[in-house]
Amino acid sequence: LKSTFSMFSGHTDTVKLRFESSLANSVIDRFGRDTTFLSDDDDEHFIIWASVQTEQPQAFFAWLFMFGEQAEILEPHELRESYLKMLQTVANKYV
């Protein structure tokens, strides 16, 4: 259930995410206490691998967006590109 961001389930992928250290509690709340935190290049960030429902990723994207620049999709590349495309589409509404 931790991989599901809305009432819809579907295909899940293993996603590599990078967060600012201040978000550790939010990540634990979302993915659980058994989430493995990996070191990043600095002490201000951490990386996790998480199972995420990606068939309809809008709810996941919404959750991620609330962290702004403090969170980043690293892999898979296709999901990262899909998030970027959605962000660009929304931004174009305000240009």
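**View 1. Surroundings of Ile48 in the predicted model**. Beyond its neighbours within four places in sequence, Ile48 touches Val15, Lys16, Leu17, Phe19, Val27, Phe31, Thr35, Thr36 and Phe37. Ile48 is also among the residues with the most contacts inside the largest nonpolar core.

**View 2. The largest nonpolar core**. This core has 19 residues, and those with the most contacts inside it are Leu17, Phe19, Phe31, Ile48, Phe60, Leu64 and Ile73. At least two core residues come from each of strand 1 (12-20), helix 1 (24-31), strand 3 (45-53), helix 2 (58-65), strand 4 (71-75) and helix 3 (77-92). In soluble globular proteins, nonpolar side chains tend to be buried together.

**View 3. The aromatic cluster**. The structure holds 9 aromatic pairs. Ring pairs join Phe19, Phe31, Phe37, Phe46, Phe60, Phe61, Trp63, Phe67 and Tyr83 into a cluster.

**View 4. The edge-to-face pair of Phe31 and Trp63**. The ring centres of Phe31 and Trp63 lie 5.6 Å apart, with 90° between the planes. This pair links distant parts of the chain, with Phe31 in helix 1 and Trp63 in helix 2, 32 residues apart. Both Phe31 and Trp63 are buried.

**View 5. The stacked pair of Phe60 and Trp63**. The centres of the two rings are 6.4 Å apart and their planes meet at 25°, so Phe60 and Trp63 count as stacked. Both residues lie in helix 2, 3 residues apart, about one turn of the helix. Phe60 has 0% relative accessibility and therefore counts as buried; Trp63, at 11%, also counts as buried.

Conventions: Residues are numbered from 1 along each chain as its sequence is written. This is a predicted model: local features need pLDDT of at least 70, side-chain atom pairs count only at pLDDT 80 or more; totals for chains, interfaces and linings use all residues. Side-chain values use heavy atoms; hydrogens and water are left out. A nonpolar core is a set of buried Ala, Val, Leu, Ile, Met, Phe, Trp, Tyr and Cys residues joined through side-chain atoms within 4.5 Å. Buried means under 20% relative accessible area, exposed over 50%, partly exposed in between (1.4 Å probe, protein chains only). Helices (H or I, at least four residues) and strands (E, at least two) are DSSP runs, numbered from the N terminus. Contact means heavy atoms within 4.5 Å. Rings of Phe, Tyr and Trp (its six-membered ring) pair if their centres lie within 6.5 Å; planes under 30 degrees apart count as stacked, over 60 as edge-to-face and the rest as tilted.
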